[in-house]
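Have the model open as you read.

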Amino acid sequence: MHRFITKAVVTASALCLAITGLAGCTKKPDEANNNAVVGITQEPGIFDPHTVVAAGDKEILFNVYEGLFKYDYEGNLNPCLATDVEISADASVYTFTIREGVKFHDGSDLDAGDVVYSLKRAAGLLDTQDGTALVSELDPVKDVTIAADGRVEVTLESPSTELMCYFTTGIIPEGYDNCQAAPVGTGPFKFESYTPGQSVILVKNENYWQKGLPYLDKVTFKVCADMDAGLTELAAGSIDIFPYLTPDRVSQLDSAKFNVLSNGSNMVQVFALNNAVEPLNDLRVRQAINYAVNRKDIISVTMDGTSVELATAMSPAMGSYYDTSLDGTFDQDLEKAKSLMAEAGYENGFDITCTVPSNYLIHVNTAVELASELKAIGINLEIKQVDWGTWLEEVYKGRQYETTVIALTSSYAPYDVLERYQSTSDGNFINYSNSEVDKLMAQIPLTADDAERTALYHQVLGLLTADACSVYLQDPTTITAVSTRLEGYHVYPMYVQDMSQVKLAGN
Amino acid sequence: MKSKARYFIGKFIELILTLFVVSLLVFAAFSIIPGDAARIMLGPNASEAQVNLLRAQMGLDKPLIARYGSWLLGIITFNPGTSYAFNMSVSELIGQRLPVTVGMSAIAMLMVIVISYPLAVVSARKPGRLGDQICSVIGHILFAIPPYAASLLLILLAGSVFSLITVGNYVSPSDDFIGYVGCLLLPSFAIALPKIAMSFKFLRSSIIEQRTSDYVRTSKSHGLSDLKILVRHVLPNSNVSSITIISIILSDILGGSLIVEQVFNLPGLGRLLLMAIDRRDFPLLSGIVFYLAFITVILYFLSDIAASLADPRIRLK
């Protein structure tokens, strides 16, 4: 009898182990299928082209909605649903010619009425709206009408030369108001489904106006718990494209199976100093901190040396708007830093906290490196990690902090980048205030001449640097791993996953 | 009979009170932590006007106490409300995730019973023998391994060393049931391991205790075979305590699955719960917590009832 029991036990246990061992001989993606899976670590949430703000949502919707103009991967703004634009001499009326032969995903044709409806909705001008602009940058729009020649005329309340890049706002069918649940656009892919916590699925738009595009039949944006979970899936083949990797993780990938692509992100990573709290309200202290930081070391610790060093509030990727004469202003100089500290009365240093969002490894690592560098001038930086929701509420909105590390908006509009340094701006979380800057920022949208405007931007950057308003660190490189079974993927210097050019390798 | 009814009613009131306290705790915790669902959804690029617009849409502009009140009312009428972040009903969201969590818990529980029961019976036959000692030592080791650590080891072994599985490749049961069970086996095993050890240890000592008691000796002297004694007397008597232990294990497994899901990148309730916290999604978070608490409390309630039926002495205590 007892032999029977022993046998039964052994068999049962062995069976259990065997079944476990076989665990999910789950299927790997078929080599020949004309699909691609993109790994994302941010849960998507908003699919309305006018209320979408979060970068993680925008980069998906880039494939679904299109605006009158559209960015390419080199940062150029090209005509899209408009074939051209005419801007009045005083920059108060923009007139767009609408492209013909474009169909919405629901089969209807794009016409001027759809554009008027969409832009009005974005600017909060529909009768059903209370006047609050959904796309706040379009708030200056006073009216959108169809001109006699069939073109669309956008009239502004006051002249602005800085509005062009917001006409990338998605165009939807006239009268349509169900974009959150069932997005309808003109983009290369149609929205198929969203399963919270799992995926967003897009399928090919057979009637796309750019003939021959897109190549793929289906694109899945798959939600991964974090970067490491995504990497595991990438290595296993259940994800084909995985953006926003760090260099140390990339080095673990099999180079025969993945191409590693990179591009500047046009982001500004900043060691933000709250200008309203002691002792950071003292210019000399802010300068001392700027001189004490070694940006090269920070870049080598956090991004393996791949990023672009920053001296001011704008990335060199912004081209002529960036002022190259500011390069190297704050190269590390410990003697100068120490003497500035002494001048300000802090020769023995001080204690200060740095509140960083724990979900961004790069910012946490940066804070750790900063803490060790600032010791040299006697500053004891205490790192406090908080979750993203807390950071947004306490640091960004509440401004209840001393210092923090964060990356600021990736935008090709120079005005967007600098808008937050106006003393009354919602985004001015460093509590910076300089009436000179306020004046210049008010003047810029009224300046039609490009060279003149560029000079004004340079002046603003010069003032921000002179005031050492914060410590600008790096423009972190965006690194994306792409399976060798795909080609045609481009890393955009902004939050975009453009899948329209992606195709199977060798096809 | 009266004492039985009174006992059940008492337990039932206990159940309702526990659930109420849970809902209060979730509410209290939520009013303390900073963060705003609308702002988190929109990110730092949003203007104040955009945030306020969304807050109004979500109903976040109403005071928290009013929202709690309407939520509590909803729960009583079996309608936990709509998630802020997903704009979907909470029950639908939980329903979507249940196959993972329930499937994993069920498989893990099955593994615990199938492995620990026979092992305990054999081990307890001759305590102190080499086989028994090996089992006990292994049991002690397994007992000390937390499920997330076991998960990582299993992923390393099965995924990287033997390339048996694709981690995180979840298959929905409606698409392919075998694949669904397949992708849950490894995580279930990770959760089950320490529980196997726990249940083994407990059953073994309980059987040994019964075997050394007087009635077994008497039965033996009556000439009953070992197997008959085991099946007729020893196991039923150990059962009363195993009901309790199994309900404890089951609720532990449920909790463990929430963590293991993260490691295996499975779309279960655990990830939904973390997402709800990250995004300050009060209806969703309270819905999930309440749901889990409900299951746990019900489990204990049922096990109390079952134990009291199996052993009437419990009711009298």
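Start where two helices of chain A touch: Glu436(A), Val437(A), Leu440(A), Met441(A) and Gln443(A) in α12(A) meet Leu456(A), Gln459(A), Val460(A) and Leu463(A) in α13(A). Contact here is when two residues have C-beta atoms, placed from the backbone, within 7 Å. Sort these contact residues and you get six nonpolar, two polar and one charged, where nonpolar covers Ala, Val, Leu, Ile, Met, Phe, Trp, Tyr, Cys and Pro, charged covers Asp, Glu, Lys and Arg, and polar is the others, Gly among them.

Before going on, keep in mind that this is a predicted model: local features need pLDDT of at least 70, side-chain atom pairs count only at pLDDT 80 or more, and totals for chains, interfaces and linings use all residues. Residues are numbered from 1 along each chain as its sequence is written, while chains are lettered from A and ligands numbered from 1 in the order in which they are written.

Back to the pair. α12(A) spans residues 435–443 and α13(A) residues 450–466, and they pack at an angle of about 160° with axes 10 Å apart. Axes are lines fitted to C-alpha atoms, for helices over the stretch in contact, and angles run from 0 to 180 degrees between N-to-C directions. The two helices are therefore roughly antiparallel, the word for angles over 145 degrees.

Now look at chain B. It has 13 helices and zero strands, these being DSSP runs numbered from the N terminus (helices H or I, at least four residues; strands E, at least two). Its C-alpha atoms fill a box of roughly 85 × 60 × 35 Å along the principal axes.

Note on methods:
Parallel < 35°, antiparallel > 145°, perpendicular 65-115°, else oblique.
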